[in-house]
Amino acid sequence: MTNLENTGRHHLGQRSVKRLGYGAMQLAGTGVFGPPRDRAEAVAVLREAVETGVNHIDTSDFYGPHVTNQIIREALHPYADDLVIVTKVGASRGPDASWNPAFSREALTAAVHDNLRNLGLDVLDVVNLRAMFDVHGPAEGDLEEPLTVLADLQRQGLIRHIGLSNVTAKQVADGREITEIVCVQNQYNLAHRGDDALIDQLAADGTAYVPFFPLGGFSPLQSSTLSAVAARLELTPMQVALAWLLKRSPNILLIPGTSSRGHLRENLAAADVDLSAEVMAELDGIGVVE
Ligand SMILES: NC(=O)c1ccc[n+]([C@@H]2O[C@H](COP(=O)([O-])OP(=O)(O)OC[C@H]3O[C@@H](n4cnc5c(N)ncnc54)[C@H](OP(=O)(O)O)[C@@H]3O)[C@@H](O)[C@H]2O)c1
């Protein structure tokens, strides 16, 4: 059986998590909106993830909205002591499924309370502030006001740790002047390497980096090199993509998403893969440094 301890651990604030976790966004309906096609399978995916040893789940109340957190609660509450559920705030969903900035004090406070209620928690372990200056990627902009709101909610005991998502290196540095930042969650994978320098910088001071879209997201990774390496190693391309991330830097925590137990098993089995330096170098050639 897959042993997730093979991937090692990293800390998220005072909590310690295995480096291979699970991202729950795919559990909502199409376009991360509304209920899933198969709710029983969504519940089963979460239960199997935790039974296999996952102790880090990434979510948000704006997935669905509310749906994903409600499924997590149905599947896993009361939660195992070692389970760390990381959520994010800073966006809201329009009736047309659009993603809109929601950065006011009122919106952030309501989002924290929505997460607490729908997850069935008294305190949120980690809350990422999701920057929305550009919904598709990091863009400069001042996060002082919203981060100050989250720091206030932290002082009130509703949040243990704060992280940042979809941010630039400058926003991370500026954020640290306001509160401790325990993790950064940005888009990064074999083919999307814009954060190479930031990952190394965060690794140097022991801050977790959590790549979203580790498998390419809505357009799963496709590369002839990746396919050739996977065939040679008798693995799947997705397993190689995850194993590459695990080897890329010890501060990388993985949260691949899936709505199926078959894909979950395949992805978690990446914990058993240790890529050689030669294979890493070959895979490095796929990345376009933006
Ligand atoms: N901070 C942010 O702005 C942000 C943005 C996006 C995501 N996230 C977080 O990051 C997590 C990961 O991102 P993600 O789930 O969007 O993308 P991902 O992990 O890169 O890929 C998920 C996609 O790959 C498919 N997939 C998964 N395993 C597969 C396998 N073994 N073989 C073939 N296809 C497979 C999934 O479809 P199936 O369901 O069919 O398996 C889904 O379409 C999310 O769950 C969410 O928690 C954060």
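Valine 45 is buried, because 25 other C-beta atoms lie within 10 Å of its own. A residue counts as buried if 20 or more other C-beta atoms lie within 10 Å of its own, as exposed if 12 or fewer do, and as partly exposed in between, with C-beta atoms placed from the backbone. The structure is a predicted model, in which local features need pLDDT of at least 70, side-chain atom pairs count only at pLDDT 80 or more, and totals for chains, interfaces and linings use all residues. Residues are numbered from 1 along each chain as its sequence is written.

Valine 45 lies in helix α1, residues 39–52. Helices (DSSP runs of H or I, at least four residues) and strands (runs of E, at least two) are numbered from the N terminus. Leaving aside residues up to four places away in sequence, valine 45 touches Leu27, Thr258, Ser259, Ser260, Arg261 and Leu264. Such a contact requires C-beta atoms, placed from the backbone, within 7 Å. Arginine 19 is 26 residues from valine 45 along the chain, and their C-alpha atoms are separated by 18 Å.

Two helix pairs were examined. Helix α7 (residues 224–233) packs on helix α8 (residues 237–248) at an angle of about 100°, with the axes 8 Å apart. Axes are lines fitted to C-alpha atoms, for helices over the stretch in contact, and angles run from 0 to 180 degrees between N-to-C directions. The angle makes α7 roughly perpendicular to α8, a term that covers 65 to 115 degrees. From α7, Leu226, Ser227, Val229, Ala230 and Leu233 meet Pro237, Val240 and Ala241 of α8. These residues comprise 7 nonpolar, 1 polar and no charged. Ala, Val, Leu, Ile, Met, Phe, Trp, Tyr, Cys and Pro count as nonpolar, Asp, Glu, Lys and Arg as charged, and the others, Gly among them, as polar.

Helix α2 (residues 67–76) and helix α3 (residues 105–119) pack at about 30°, and their axes are 8 Å apart. Asn69, Gln70, Ile72 and Arg73 of α2 make the contact with Asn115, Asn118 and Leu119 of α3. Here the division is 2 nonpolar, 4 polar and 1 charged.

The whole protein has 10 helices and 11 strands. Of its 290 residues, 47% count as buried. Its C-alpha trace spans about 55 × 40 × 35 Å along the principal axes. Among contacts between residues at least 6 apart in sequence, 74% join residues at least 24 apart.

Methods
Contact = placed C-beta atoms within 7 Å. Parallel < 35°, antiparallel > 145°, perpendicular 65-115°, else oblique.
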